[in-house]
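I opened my notebook to look up two things.

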Amino acid sequence: MDLLNSPWPWYIAGPMISLTMILLLLVGRSLGFSGNFRTMCAIGGAKKVSDYFDIDWKAQTWNLLFLVGTVVGGYVAHNFMNADAAVDLAAGTVERLENLGFENPGSTFQPSELFGSGVWGNLSAIVILLLGGALIGFGSRYADGCTSGHAISGMANLQLPSLITIIGFFIGGLTMVWFIFPLIFS
Amino acid sequence: MKQISVLLFGILFGIVLTKGEIISWYRIIEMFHFDSFHMFGTIFSAIAVSAIFIALSKRFKWTALDGGHLRFANYPKGWKKYIFGGTIFGFGWALIGACPAPLFILIGNGYFPILIAIVGALLGTLLYGILEKRLPR
């Protein structure tokens, strides 16, 4: 298998996520990404509107550095590791997305309907991205963690709250994909 | 030195989630269709390997490199905020096919419309901060 040029299978990607978590533990940190949103709001002066943002954000700068690293990592993978290939999507998903009006699902890395440059002139796509982002920001702060904090760091430490949160992820995600997608798309 | 290392770990994370296609909208939708093992295998194996490391480090009292404690994720007991917050998050995760780290990794990948979702995430965080004390938890 050519790990530089081909997509990674789950049994490579999963343990590599663990490696990242372990490396952070070894330098005295803990993998949890969405705390960065709170930090960014705090830096922007949000403590004027809520005590929730009255935090010592300087103690969180390490996580912002991690964030900057992820952007660089995405750039490196995209430009030097041939990542922007088609996604080998399951036939059932391709069919359902085609029925919703998506063109050639999986033939590119991302659907151009939501991630292409045409989005800037498409009000409904802008609203979808803005709303989706807001739900993610609100929900991850409400649950005190996101996929990295709960699904990886919390679950690996056998935290019941993390399991409850993941059940919530799926209640929301399944409702969205099965019941709300047909109303939004197509 | 410690700061540089965290930056490098971030680069690693960005590469892993890109190469593993975790940042692809299609993969997230496929997961919620239960059509492929890819996302489940990735998450389960990540949890399993991490859990084994944590169990061993507790058993053998491993420390961080500077001798300090390993900071495992501990969440306060409760269920309301986790199930409500998780569900709200799930709606967003499925809608735009990206969770918080991928929002930023996608910038590196050149999908700049994701900046709109990042603005949304900051607005959502701000709204949470304002409503925090009135929400069930």
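My entries on the interface and the pocket follow.

I noted first that this is a predicted model, where local features need pLDDT of at least 70, side-chain atom pairs count only at pLDDT 80 or more, and totals for chains, interfaces and linings use all residues. Residues are numbered from 1 along each chain as its sequence is written, chains are lettered from A in the order in which they are written, and side-chain values use heavy atoms, with hydrogens and water left out.

**Interface.** I looked up the contact (heavy atoms within 4.5 Å). Chain B gives 106 residues and chain A gives 131 residues. I then looked up buried area, the accessible area (1.4 Å probe) that two parts lose on being put together, summed over both. The two chains bury about 10,700 Å², with 76% of it on carbon and sulfur atoms. On the chain B side, B:K19, B:Y26 and B:Y75 lose the most area to chain A, together 9% of what that side buries.

**Salt bridges.** I counted a side-chain nitrogen of Lys or Arg within 4 Å of a carboxyl oxygen of Asp or Glu. The rule finds three across the interface of chain B and chain A. B:D35 forms a salt bridge with A:R96, and their closest N and O atoms are 2.7 Å apart.

**Pocket.** Which residues lie nearest the centre of the largest pocket? I found A:S30, A:G32, A:G35, A:Q60 and A:N63, among 26 lining residues (an atom within 4 Å of a point on a 1 Å grid; a pocket is an open set of points where a 1.4 Å probe fits, with protein on both sides within 12 Å along at least five of seven lines).
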